[in-house]
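Dear colleague,

Please find below the structure that I am handing over to you.

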Amino acid sequence: MNMGLISNDQRLIDEIINVVYMKPLDWIVASEAEDFANKAKGIALSHVIISDRELDYSHLEVYLEDLQQQNTELRIMVMLSNYHDALINDKYVKMCKLMRLDYIQPGRSTAVIADDIRAWVDGAGGDQANTQPRGKLLAFVGSTPNIGTTLASFGVAYSLALETSKKVGFLCLNLKSSKLHRYLGREEHVFTLDGLRAELKAQSLTPDRLLQVCDKPKGGHGLHVLYGNMLREQAEFFSPSEIVHLLRVARRSFDICIIEVNAYWDNAATVCGLLEADSRIVVTTADIAHFQEDFSRWIKQVGSVFGLQADSFELLAVQTDWHAKHSEFTIKDIRKETQLHLIGQVSKHADALSRCNQGKLLDLLAAGHPMLEEVGAVSRKFIDYYKWPRKVSLRQATWLQKMITGRRAAT
């Protein structure tokens, strides 16, 4: 096959060309669109890959339209960069969708871009491709560390497993301070994320292997849990390509996968987890330093560097107080400051800390505990949004059976 590549990033060019593809490829590489047109004259191309840094928006749009008109069978992929403002990036994504072009989201490393292109050329599709059934990723990130993001995200995952008939997974990708195993009383003999390092590095993890190493807590309604990294000093050693590989295997392993990432954006798991997610939920509190300062510095400022607009996040408030004093900040203040859609709130529960320290987190999600209803309200919004089927409860089934039996008796 004849491949076209338009980019002036020599490191990226080397990475893309030197990936091992299933079929032998002949490459035509140019740093400028005009030069590429001269080199490719008279050659039947199957794929063309172009960086959005080579032309401005209007010229790129015209150039892509010309390529499509010249060869209706030509497959085109646009590599979107993070050199533009987030609003401009959205404009590029919209253009690609309207023109039915494949594209790679901004913020990817060269290794991840090369891996995406290999999958695209070999037939697995690009970022937006949907050739195979894929599970949904829901990423939770705290505006600030240690505010209850783990409890909230795990609670939503538990509720989804309880209320839907889908296979639900929970991946702790908090590489620096994972404590979920402790909260669930599973401190000994559990498999943790760092045990997958070799398979992630070799890009050889499979859905069967991932399911095998996941824990299924008793009383968790079939929820699959992968506990987080225990080797904190190696948190920075997880590469973007390793995390992306894990997340894409998770999509094939679960219908719904909840991931929790660290509040600090200084590691691959947080950045890649949020980039890959279908839904992003930022967790914050009524502390003004959390919902104003930390939210602005991380979600708005750092997020925009990777092409993530703040309004692509949903808002979940935790440690809220229904009886807050007039002098204290309220949910209304949080919503006004962040300008995000509030998807739910979890109150401050007096027994939460002691339950978690005793390894009894699931007691907080027992029937009758107010926290279950709070996280359940959040999970039901996702169930309705994604149209996931609900489980028929025993009570509902009994009522339905009685109604059917009564009708039969009447006839």
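Is Gln-345 buried or exposed? Gln-345 is buried, with a relative accessible area of 19% (buried means under 20% and exposed over 50%, with a 1.4 Å probe and protein chains only). This residue is found in strand E12, residues 341-347 (strands, of at least two residues, and helices, of at least four, are DSSP runs numbered from the N terminus). The side chain of Gln-345 makes a polar contact of 3.2 Å with that of Thr-320 (a pair of N or O atoms within 3.5 Å, one able to donate a hydrogen and the other to accept it; residues adjacent in sequence count only if both atoms are side-chain atoms).

Please note that this is a predicted model, in which local features need pLDDT of at least 70 and side-chain atom pairs count only at pLDDT 80 or more, while totals for chains, interfaces and linings use all residues. Residues are numbered from 1 along each chain as its sequence is written, and side-chain values use heavy atoms, with hydrogens and water left out.

Two helix pairs also deserve mention. Helix H6 (residues 149-163) packs against helix H15 (residues 370-386) at about 70°, with the axes 8 Å apart. H6 and H15 are therefore roughly perpendicular (65 to 115 degrees).

Helices H12 (residues 288-305) and H13 (residues 331-338) cross at roughly 35°, their axes coming within 10 Å. Phe-291, Gln-292, Phe-295 and Lys-300 of H12 meet Asp-333, Ile-334, Glu-337 and Thr-338 of H13.

With kind regards

Methods
Axes fitted to C-alpha atoms, helices over the stretch in contact; angles between N-to-C directions. Parallel < 35°, antiparallel > 145°, perpendicular 65-115°, else oblique. Contact = heavy atoms within 4.5 Å.
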